[in-house]
Amino acid sequence: MTAAFKPKHQRLVLIVFALVAILIAGVLAAWALRNQASYFYIPSQIVANPPAADRNVRLGGMVKVGSLKTAPDGVTMHFVVFDGKGELPVTFQGLAPDLFKEGSGVVAEGHMMPDGTFMADNLLAKHDENYVPRELQDMTKEQARQAVAETK
Amino acid sequence: MIAELGLCALWLAAALAALQLVAAWLGQRAGGETLARIVRPAALVQALLCGLAFLMLLWVFARTDLSVKLVVENSGSDAPMIYKIAGAWGNHEGSMLLWITIMAVAGGLIALIEHRLPEKTMLATLGAQAFVGLGFYAFLLFASNPFARVIAPPADGDGLNPALQDIGLAMHPPTLYCGYVGLSIAFSFAVGALLTRQVTPDFARVMRPWILGAWIFLTLGITAGSYWSYYELGWGGWWFWDPVENASLMPWLAATALFHSASVLASRDALRTWTIMLGVIAFSMSMIGTFLVRSGILTSVHAFAVDPTRGTFILALLAINIGGALALFAARAGTIAEGERFAPLSREGALVINNVTLSAVLGIVLVGTLYPLLTEAFGLRVSVGPPYFNPVSMVFVTPMLIVLAIGPLLRWRRDSFARVRTPALLAAAAAVIALLAVWLVAGIALLPLLGLTLAAGVAVSAFMPLRGRSLRRLPLATCGMAISHFGIAVALFGMAVDTAFTVEKLTAAGVGDTVAVGPWEVRLTSVEPVAGPNWTALAGRLSASYRGGAAHELVPQSRTFWAPPQTTAESALLTRWNGQLYTVLGEQTQDGRWQLRLWWKPFVTFIWLGGVLIGLGGLLALIGRVAVDVRRRKAARRSATRKAEIAR
């Protein structure tokens, strides 16, 4: 092994080393983002073009009034999320966020089941009076537009 | 009156920053010596004025002065005093005032105590500090005035967000800000050194305590923030890869790389341009973090501030500061002479790998954090979470930790494997034993298995540099390094064990029912209403016993605040040496049972214990470095006076 690089070479070697690391990091990141980023859907999109069952996605919409049912075990909930065009049954096991209720907006993180229902691992509801998840803000606008379009 | 006094002090401080910038600039020229003399006093007075403004803000919050808009929006008369005061920085305007106050105080401190660098470099540094400061003053004064009044004071304020009414969170922002803003000093030193082309070991020695100090605050801030979100949010997780968490992790990664490379520059006069570059990047990450949090562009449970004009303002500040510094770097980097040489297998070589892997992890976190914003511009909404961050960052964390085990054993300049074979083999043996033991006892996923293996290797190797050395003559900095590195192993152990062996139980239980979770038997004794100063709650009384032992009581609550109206779940935790029982009370079901969520989390506390150890190691290193500095300065002064005597 050579004892030490010549000054010019040492700087060059360091730069090349750093660039290679950045390149590897970049390629890895790009590859992982394509495969691991979870996409945001509204129910009509999922119904039209369901994502693969093992893929984590986010589902946003309104909780349909009258659809919320708690299973006998007391912790499993079934409800329907709709966006004006399509709707999707959702199952959730856990403690619902405090502001989660029928007729309000919700974002569910989870994946599709083979039977066509959505299994939610986590629910994001309105966090407090001022804070609305970004998806939900747009969602309700979309919602409003569709509602207007339907009543015309 | 108090509010106006605060605003007045803030304007004066901004004016002094402008004066400081101009004087530092003109003072560089021939004949500017008189002007140059006012730079240091200007920095000092600016710090005092900023401190005064911040005190005034604390005062109006302590007295709940409802004619001040910020108080109305973020405080209420019935909150406990500690949360009234914490309300001062638990909001956008107040936290930006805190930011600029810390920045001014840090600038004042270097003006007061730092006399080792050439005066021109110090002038350029203080000028750069004033330049960055001016941007934030403008932001405060024009876009987020904390002292704005309301025309008609209401009867009471809106109250502080209940999620923020917690002692951990009250102290969280000041701690993190000390870290964020401490890095501004490193940034200014880097710019000052570039402007005057004085990149020397002295520069690194002057910069190092500031980086270390900022880094300690960041470490403790991140640790505390992680523990806070763990018990407050009631999800039982300790790291969510939430953009706001990433915003504090990125400056930490950069600062970690920076003080490792600064130590190369200080000891060996190598990695000059690299250190300067990291100095620029570290504070850039602080500013990007602030932008992400404060502009409200993120989908995040933390994004309390939503205001696009402010976002644009901070973005412009970012572009000017980072763009300017990088342009200066590009122009000057080529003129900085190459530092000392070293062989690939040497302490320097190991630290280069440390730097490169840390930077790669930083890049991965940055890309993952910004990716959702990028795709949204193209109309595609995605979120990026643990399935991306965990495996991809592990690809670089693994070699980093292997080098962390070996690197501190190597000599500067050049070394051979043969010399470090024994300690390296010992560490490797520990890792392999851990791997086999865990593998045979329990089949667990790849990442936690890798984590446990690395934790064992790092834990053993952390103390190897102390081998065969007299503990009494050991430099404090070396001792600090060993403790910090050991802390990394401890935290990693906690993370891996929690990920692999947590037991969760979600159920609905009637009063009197017993639920088993891991080694625990938990009985729901009763559920009763309780009242606090600004909330009412339903409290579940749980009686828990570990492997049939004595019963401990836990009282998780479901709290309803009335200002602002909101319900939060207050978890209750029971800590043993080998883990925590985590309990959350949910809603009542239709048939009268109560939802309960229970976790047994073995060794989860090691995560934060490790974080504290890492910070403690940093503190020891800081004390050691400063003590050596002080001794060196005294010796220099003594020899100077002796020389003067001999000359006479």
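**A friendly note on chains A and B**

1. Helices here are DSSP runs of H or I with at least four residues, strands are runs of E with at least two, and both are numbered from the N terminus.

2. Before going on, please note that this is a predicted model, in which local features need pLDDT of at least 70, side-chain atom pairs count only at pLDDT 80 or more, and totals for chains, interfaces and linings use all residues. Residues are numbered from 1 along each chain as its sequence is written, while chains are lettered from A and ligands numbered from 1 in the order in which they are written.

3. Back to the helices. α10 (residues 243–268) and α13 (residues 347–377) of chain B pack with their axes 9 Å apart, at an angle of about 160 degrees. Axes are lines fitted to C-alpha atoms, for helices over the stretch in contact, and angles run from 0 to 180 degrees between N-to-C directions. The two helices are therefore roughly antiparallel, the term for angles over 145 degrees.

4. Which residues meet where α10(B) and α13(B) touch? Among them are L249(B), M250(B) and L253(B) from α10(B), and L351(B), L358(B) and L362(B) from α13(B). Contact requires C-beta atoms, placed from the backbone, to lie within 7 Å. By class, this contact has 13 nonpolar, eight polar and two charged residues. Ala, Val, Leu, Ile, Met, Phe, Trp, Tyr, Cys and Pro count as nonpolar, Asp, Glu, Lys and Arg as charged, and the others, Gly among them, as polar.

5. Chain B also has an open sheet of four strands, in the order β2-β11-β10-β9 with antiparallel pairing. β2 (503–509) and β9 (572–576) stand at the edges with a single partner strand each, so one side of each has no neighbour in the sheet. Neighbouring strands are turned by 15 degrees against each other on average, direction ignored.

6. Within that sheet, β9(B) pairs with β10 (residues 579–588) of chain B over five bridges, in the antiparallel sense; pairing needs at least two bridges found by DSSP. L574(B) has L581(B) in β10(B) as its bridge partner.

7. Finally, the two chains meet: 38 residues of chain A and 41 residues of chain B take part. On the chain A side, α1(A) gives the largest share, 14 residues. β1(A) pairs with β1 (residues 382–383) of chain B in the antiparallel sense over two bridges, and Y39(A) stands opposite V382(B).

Notes:
Parallel < 35°, antiparallel > 145°, perpendicular 65-115°, else oblique.
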